[in-house]
Amino acid sequence: MPNPGEPLRKMGFLTIGRFDPADPGSGHEETLRMIERAEALGFDTVWVRQRHLQFGISSPVAILAAATQRTSRIELGTAVIPLGLENPLRLAEDLASVDILSGGRLNPGVSVGPPMHYDNYKAALYPETHAVENFTKDRVTRLLACLRGDAVSSFEGTIGIERFSRRVQPHSPGLAGRVWYGGGLASAIWAGRQGLNYLTSNVVSTEGTSSRDFGAIQAEQIDAFLEHHPNPATARVSQGLVVIPTDSASPAPVEKYRAYAAARLERTHTTHGPRGMMFSPDLVGTTDELAEVLYAHPGFRRAGEVAFALPFTFGEDDYVQIITDMAEKLGPKLGWVPAG
């Protein structure tokens, strides 16, 4: 699911929120405008990436807090927050605060493992503890416990005029059930057993599989997640390929889009790194062409929703054209109905 004739349940997109370091405010405002436009176009979800020490969103929680005040319906997601740079208790406070402000629309996506390029800044991040930090899935379970409202303090009561709680405040009921996790086959099984939701993108790990077909690997991982989830009928799975519809684009942008995809094609021909990471080709074409490719994609057929990834380096006019074509042309080809 979905197959031709079956509707795509939810459609969204994912943005990096890039900005000019000489004028970061303009880039952040552009991201917020894109989120507002997404709601107006009827998208179900919008997701922001997190990029540390780069010229993209470093604080998705802050960006989405602002977005809660400019939107009223659309679900707001992070894809993903690397927990290696976070304290789970403090992050839980921030996530719950944003979820309360949004009226229960937050979808926190998280990952674990040593932060990217950790050796370059570990002494600045964890001056006394960088050698002993625990970057395993324990960080996720700690975050989930905080979001569920488990006790984190041994004291509850009043001191003077101040009241203290045993659990993280504010508490947002239901937020723990909207946490997402991604990763390879082992992570898919773990996420299913934890009752989490599952994010899968345009990168998969080949660990645990003999296949070298991207779609087959992605489908295998989704199947494993659902097989181990306690409630597979209600478990959410989102696929996030780079998908660029060209229907309303003029010739110059179309040429740019195709050149962008062509420049990134070579990396899809082999695996990368110790975990055998594999990239999907970027998809560029008319909505008729894209719908045909997606319906033939085993990963897409197993995902109930999508969060199409926007390319990193385009301009605002390009992004507006792309997401408008997604909402008005590609979505209906996939049986999707705009929200609102």
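Okay, let's start on the surface: F155, I159 and F164 make a nonpolar patch there, with about 270 Å² of accessible area together. I159 sits in strand 5, residues 157-159. Before I go on, keep in mind that this is a predicted model.

R166 pairs with E156, and their closest N and O atoms are 3.7 Å apart. That pair links distant parts of the chain, ten residues apart: R166 is in the loop between strand 6 and strand 7, and E156 is in the loop between helix 5 and strand 5. R166 has 34% relative accessibility, so it counts as partly exposed, and E156 is partly exposed too, at 49%.

Next, helix 5, which runs over residues 138-148. Its buried residues are R139, V140, L143, L144, A145, C146 and L147. What covers them? The cover includes helix 3 (88-102), strand 4 (106-111), strand 7 (180-182) and helix 6 (185-194).

Helix 11 does have a kink, though, of about 40 degrees, centred on M326. M326 is also one of the buried residues of this helix, along with others including D318, Y319, I322 and L330. And what do the buried residues of helix 11 pack against? Strand 1 (10-15), helix 1 (24-41), strand 11 (243-245), helix 8 (251-263), helix 9 (287-295) and strand 14 (305-309). After the helix comes G335, with a positive phi near 80 degrees.

R33 and E316 meet through their side chains at 2.9 Å, N to O. R33 is in helix 1 and E316 in helix 11, so this pair ties together parts that are 283 residues apart in sequence. R33 is partly exposed at 36% relative accessible area, and E316 is partly exposed at 24%. Then K333 bridges to D288, with the closest N and O atoms 2.6 Å apart. Here K333 is in helix 11 and D288 in helix 9, so parts 45 residues apart in sequence are tied together. K333 is partly exposed at 42%, and so is D288 at 47%.

How many salt bridges does a search of the whole structure find? It finds 20. There's also a network of them linking K10, E75, R236 and E305.

A cis peptide bond joins A79 and V80, with omega about -5 degrees, and V80 is in strand 3, residues 75-82. Another cis bond joins Q169 and P170, with omega about 0 degrees; P170 is in the loop between strand 6 (162-164) and strand 7.

L53 isn't a glycine, yet its phi is positive, near 60 degrees. It's in the loop between strand 2 (45-48) and helix 2 (60-68), and at 69% relative accessibility L53 counts as exposed. H117 isn't a glycine either, and has a positive phi of about 60 degrees. H117 sits in the loop between strand 4 and helix 4 (122-125), and is exposed at 54%.

Technical notes: Residues are numbered from 1 along each chain as its sequence is written. This is a predicted model: local features need pLDDT of at least 70, side-chain atom pairs count only at pLDDT 80 or more; totals for chains, interfaces and linings use all residues. Side-chain values use heavy atoms; hydrogens and water are left out. The bend at a residue is the angle between axes fitted to the seven residues ending there and the seven starting there. Helices (H or I, at least four residues) and strands (E, at least two) are DSSP runs, numbered from the N terminus. Buried means under 20% relative accessible area, exposed over 50%, partly exposed in between (1.4 Å probe, protein chains only). Contact means heavy atoms within 4.5 Å. Patches are made of residues with over 30% relative accessible area and no salt bridge: like charges are joined within 9 Å, nonpolar side chains (Val, Leu, Ile, Met, Phe, Trp, Tyr) within 5 Å. Accessible areas come from the Shrake-Rupley method with a 1.4 Å probe; for residues, only the protein chains shown count as cover. A salt bridge is a side-chain nitrogen of Lys or Arg within 4 Å of a carboxyl oxygen of Asp or Glu.
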